[in-house]
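Work through the exercises below with the sequence and the model open. Each task comes with a worked solution.

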Amino acid sequence: MNTLLKYTYAGAIIAGAFCMVSCDDFLDTNPDNRATIDNEQKIQNLLVGAYPDHDHIYVAELVSDNIDDYGESNPETERFCEEAWAWKDEKEQDNESLESFWQSSLVSISAANEVLKAIENMPESSSSTLQEAKGEALMCRAYNYFMLANMFCLPYNKAKNDTQLGLPYLTEPETQLNPSYERGNMTDLYNHIQADIEEGLPLVNGSYYTVPKYHFTKRAAYALATRFYLFTEQWEKAVEAATLCLGDQPASMLRNWKGMAQMTQSFDAISNQYINADENANLLLLTSYSAAGLFFGPYRYNSRYSHGKYLAEKEDIRATQLWGGYTSFYVTPKAYAATNLDKTVFWKLPYIFEYTDPVAKIGYYRTVYPTLTTDETLLSRAEAYIMLKQYDKACEDMTMWMHSITKSQVVLTPEIVNEFYNKAKYSYSDKDKMESQLKKHLNPAFTIDAEGSTQENMLQAVLTFRRTETMHLGLRWFDIKRYGIEIPRRVMDASGVPAEQVDFLTKDDLRRALQLPNKVLEAGLERNPR
């Protein structure tokens with residue numbers, strides 16, 4: 001890390017909003033004793049820090065319906081995993097913990113604010129390079145707040161946003177040592193995010209990027225806008241943004257799974273190709289201190305809480321779906337069934353180890369992940385079309401995605417989708433709330449047609465496609481929140497089937513807003529109700 005970033009981060013961690021770090025080393029330094037940011041190169045260097053280096057992925061997977069408990073006989077699992085899976089308030093910390101994600105996001109927001117203030121104060125602020133940097137900083141701030149909101153707030157709800165807790169939205173560099181903040185409401189939070197996106201998007205260009213896929217390019221900015229508009233029920237705007245992202249030939253922009261199937265079929269080869277910056281589908285890649293490559297790879301690490309064979313075969317990537325069976329995938333999901341290990345995964349995120357001391361063989365787990373992709377954007381457009389009841393257009397997008405990831409030749413129509421999903425059963429029936437089936441009851445805050453209708457069947461399909469596309473990337477949790485999908489907490493028996501239900505997350509459960517980290521609560525920010 002260069003000197004400029006080092007001291008800017010120190011200031012951000014002291015006074016960067018509500019992260020409130022207690023490191024004594026920082027408290028000896030005046031938070032305004034910062035390096036002067038007075039030229040374009042320094043601005044560009046500082047923008048590197050506007051992207052988080054810790055992620056939401058593992059916690060978001062643990063709290064979702066992608067994970068079951070395979071029992072105490074499995075290898076020792078870190079306690080924070082148990083807390084997350086059980087929707088308990090976090091007491092343990094880890095590189096994947098909520099506290100690490102929160103801290104990293106707030107440092108990134110602080111870096112973006114430093115950039116924006118510095119540009120504002122520079123005489124040449126209207127130069128094309130600085131305007132591009134301003135756009136990037138605004139998109140970074142919007143992205144970080146959007147991700148924080150979807151982890152720590154209740155789902156977006158037009159009827160309740162004015163009364164639901166938001167997050168303080170910082171738009172200026174912090175200059176006080178112990179600032180005090182109010183959380184505000186969801187309406188204000190999402191209005192701020194939308195304002196940043198809509199101001200930043202026209203400015204983003206990226207002419208100065210050396211590796212564009214690690215920054216907000218124009219396509220990445222449109223992908224974020226698509227996700228935001230979809231989540232805030234602005235269906236027409238979601239379609240418009242997605243179309244601008246995908247261009248006139250969206251099929252050419254999707255992930256080349258067929259090409260990956262022709263590669264050496266090893267975890268390292270496939271996972272490294274998945275995050276390749278030359279892959280058209282990858283719009284924004286982020287690096288992270290994370291063991292995701294171990295969690296979702298051919299390893300026993302923390303394997304007690306896993307996406308297992310039962311779940312895969314009953315609900316998602318090894319179940320019979322509209323594309324057929326799991327062998328239809330170009331790169332098939334891998335099932336590991338060794339003693340005390342039940343894990344079914346796609347090879348996606350690489351396992352990287354960064355040595356800090358090669359002799360002692362100590363260091364950090366790292367990974368790289370695509371946080372915005374064309375594939376997700378295409379499915380977001382399909383979902384928006386469904387909400388607009390433009391079912392033929394939705395089927396075109398869903399077919400395009402399906403043909404990119406599988407060998408299926410089926411061309412979807414609303415009639416085919418209706419026939420398939422009207423025959424499928426719903427999970428968690430009154431008779432047995434642990435039983436997995438292809439469908440989940442949908443309980444969104446917005447209005448959809450009745451169960452068994454074309455719209456509901458189409459939503460079942462696109463949510464299944466999204467679950468497959470975002471498997472191991474943490475976004476399934478966001479869809480669960482948006483659609484009020486209920487989840488049982490199941491402990492599996494030795495044969496890998498549900499044996500005991502220990503909890504149930506209802507559609508209105510307040511735990512859908514994960515609790516703020518302890519240090520944040522201790523600093524005085526209002527806690528999420530329970």
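## Exercise 1: A loop tyrosine

Tyr301 touches Glu78, Ala291, Leu294, Phe295, Lys343 and Tyr365, leaving out residues up to four places away in sequence; contact means heavy atoms within 4.5 Å. The model is predicted: local features need pLDDT of at least 70, side-chain atom pairs count only at pLDDT 80 or more, and totals for chains, interfaces and linings use all residues. Residues are numbered from 1 along each chain as its sequence is written, and side-chain values use heavy atoms, without hydrogens and water.

**Task.** Where does Tyr301 lie, and how far is Glu78 from Tyr301 in sequence and in space?

**Solution.** 
- Tyr301 sits in the loop between helix 13 (292-295) and strand 3 (305-306). Helices (H or I, at least four residues) and strands (E, at least two) are DSSP runs, numbered from the N terminus.
- Take the distance. Tyr301 and Glu78 are 223 residues apart in sequence, yet 9.6 Å apart in space, C-alpha to C-alpha.
- Tyr301 has a relative accessible area of 26%, so it is partly exposed. The classes are buried under 20%, exposed over 50% and partly exposed in between (1.4 Å probe, protein chains only).

## Exercise 2: Positive phi in loops

**Task.** Is Asn302 buried or exposed? Which loop holds Trp87?

**Solution.** 
- Start with Asn302. This residue lies in the loop between helix 13 and strand 3. Its phi is positive, about 50°, although Asn302 is not a glycine. Its relative accessible area is 4%, so Asn302 is buried.
- Move to Trp87. The loop between helix 5 (79-85) and helix 6 (98-121) holds Trp87. Phi of Trp87 is near 55°, a positive value in a residue other than glycine. Trp87 is buried, with a relative accessible area of 4%.

## Exercise 3: Helix 7 and its partners

**Task.** What span should helix 7 have at 1.5 Å a residue? How do the axes of helix 7 and helix 8 run relative to each other, roughly parallel or roughly antiparallel?

**Solution.** 
- Compute the span. Helix 7 (residues 128-152) has 25 residues and should therefore span 36 Å; its end C-alpha atoms are 36 Å apart, in agreement. The expected span is 1.5 Å times one less than the number of residues.
- Take helix 8 (residues 186-200). Its axis comes within 8 Å of that of helix 7, and the two cross at roughly 150°. Axes are lines fitted to C-alpha atoms, for helices over the stretch in contact, and angles run from 0 to 180 degrees between N-to-C directions.
- Classify the angle. Helix 7 and helix 8 are therefore roughly antiparallel. Under 35 degrees counts as roughly parallel, over 145 as roughly antiparallel, 65 to 115 as roughly perpendicular and the rest as oblique.
- List the contact. Residues of helix 7 including Leu138, Tyr145 and Phe146 meet residues of helix 8, among them Leu189, Ile193 and Ile197. By class, this contact of helix 7 with helix 8 has 10 nonpolar, 3 polar and 4 charged residues. Ala, Val, Leu, Ile, Met, Phe, Trp, Tyr, Cys and Pro count as nonpolar, Asp, Glu, Lys and Arg as charged, and the others, Gly among them, as polar.
- Turn to helix 9 (residues 218-231). The axes of helix 7 and helix 9 come within 11 Å and cross at roughly 35°.
- List that contact. Met139, Tyr143, Phe146, Met147 and Asn150 in helix 7 meet Ala221, Leu224, Arg227, Phe228 and Phe231 in helix 9. The contact of helix 7 with helix 9 divides into 8 nonpolar, 1 polar and 1 charged.

## Exercise 4: Helix 15 and what follows

**Solution.** 
- Take the pair. Helix 15 (residues 374-387) and helix 16 (residues 391-405) pack at about 155°, with axes 8 Å apart. The two are therefore roughly antiparallel. Their contact divides into 10 nonpolar, 1 polar and 4 charged residues.
- Look past the end. Lys389 follows helix 15 and has a positive phi, near 65°.
- Finish with Ile448. Ile448 and Ile386 are 62 residues apart in sequence and 9.9 Å apart in space, C-alpha to C-alpha. Ile448 is buried, with a relative accessible area of 19%.
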